[in-house]
Amino acid sequence: MAPNTDSRPNLGNSAGKYLLEKLQQQSKNIVPPAIALFLFLAAWQILVSGPGATLPGPIKVVADTWDLIINPFMESGEDKGLGWQTLASLQRVAIGYSLAALIGILVGVVIGANNVLYKAVDPLFQVLRTVPPLAWLPIALAIFQNSGPAGIFVIFITAIWPIIFNTAVGVQQMPQDYKNVARVLRLSRQKYFFKILLPSIVPYMFSGLKIGIGLAWLAIVAAEMLRGDSGIGFFIWNSYNSSNNSEVILALVYIGVVGLLLDKLVGYIATLVVQEDPK
């Protein structure tokens with residue numbers, strides 16, 4: 001009987017090799033951060049293990065907050081889990097940031113299109129954008145007399161400056177050839193805005209939007225710590241007053257993770273909108 005000389009590739013071996021290569025590629029992205037996280041937690045645990053330590057280690061944090069970790073949407077009377085508190089903060093951020101994005105882009109386009117106006121208001125914007133978020137809180141409370149609208153105003157006034165500034169710079173940097181083409185084709189204002197102006201300023205605009213979302217998240221957490229009846233900032237302040245440092249640390253982890261996700265979300269939207277010129 002003649003031996004089997006079939007030279008067709010073994011599909012099983014090919015699939016296994018492909019999966020192995022994929023795992024090796026992913027391990028290069030996963031292993032270094034995992035090692036860094038382990039070393040950080042180990043160093044933290046060692047530093048707080050000595051006598052007189054005032055902060056809990058990661059093991060104690062997990063043990064003290066296990067119920068909050070496995071059930072972030074728990075409710076017990078007036079006490080709510082971190083999931084509900086985070087959603088309350090995100091709701092305020094969504095309102096304030098949306099207003100800041102809408103008004104900031106429109107104002108930035110108007111200012112950027114007029115060189116005299118741009119030079120006139122640029123020093124004012126440079127001063128206002130450096131004002132810390134909490135410095136706006138007394139003004140907001142004086143205007144609205146309520147911590148809810150005041151928090152939204154703090155988000156709005158904090159996030160709007162980088163959006164205005166970056167959008168205006170984008171308009172200023174638009175090539176003159178684009179404007180000349182629009183004049184030659186006699187485009188209407190609507191077509192000029194959507195076909196010429198908007199595509200050219202999108203990269204600048206989203207740079208401001210990314211900065212703005214980070215500032216908005218920082219602003220609402222800080223505002224809720226001082227004046228609020230819900231939200232993750234309110235949760236931190238309550239936990240601090242109750243001397244529950246483990247809950248404070250868990251809330252800080254939530255803040256960092258949510259802030260990262262918000263930044264990635266805006267960046268992802270930018271990749272969908274921005275179209276790079278082919279080289």
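Colleague: Which residues lie nearest the centre of the second largest pocket?

Modeller: Those are D79, K80, Q85, F235 and N238, out of 18 lining residues. A word on the basis: this is a predicted model, where local features need pLDDT of at least 70, side-chain atom pairs count only at pLDDT 80 or more, and totals for chains, interfaces and linings use all residues. Residues are numbered from 1 along each chain as its sequence is written, and side-chain values use heavy atoms, with hydrogens and water left out.

Colleague: What counts as a pocket, and what as a cavity?

Modeller: A lining residue has an atom within 4 Å of a point. Points are joined across faces, edges and corners, and the volume is the space filled by probe spheres set on them. Here the second largest pocket holds about 360 Å³.

Colleague: Which element gives the largest share of its lining?

Modeller: That's α10, with four residues. Elements are DSSP runs numbered from the N terminus: helices are H or I with at least four residues, strands E with at least two. Besides α10 (232–241), β1 (75–76) and β2 (79–80) each supply at least two lining residues.

Colleague: And how much space lies in the largest pocket?

Modeller: About 450 Å³. It has 17 lining residues, with A113, M174, K179, R183 and Y192 closest to the centre. Helices α4, α7, α8 (176–185) and α9 (189–226) each give two or more residues to that lining.

Colleague: What about the surface: which residues make the nonpolar patch?

Modeller: Patch members need over 30% relative accessible area and no salt bridge (a Lys or Arg side-chain nitrogen within 4 Å of an Asp or Glu carboxyl oxygen). Like charges are joined within 9 Å, nonpolar side chains (Val, Leu, Ile, Met, Phe, Trp, Tyr) within 5 Å. Areas are Shrake-Rupley with a 1.4 Å probe, and for residues only the protein chains shown count as cover. Here I95, L99, L102, I103 and L106 make a patch of about 440 Å².

Note on methods: 1 Å grid on protein atoms, 1.4 Å probe; cavity = no way out; pocket = protein on both sides within 12 Å on 5 of 7 lines; lining within 4 Å.
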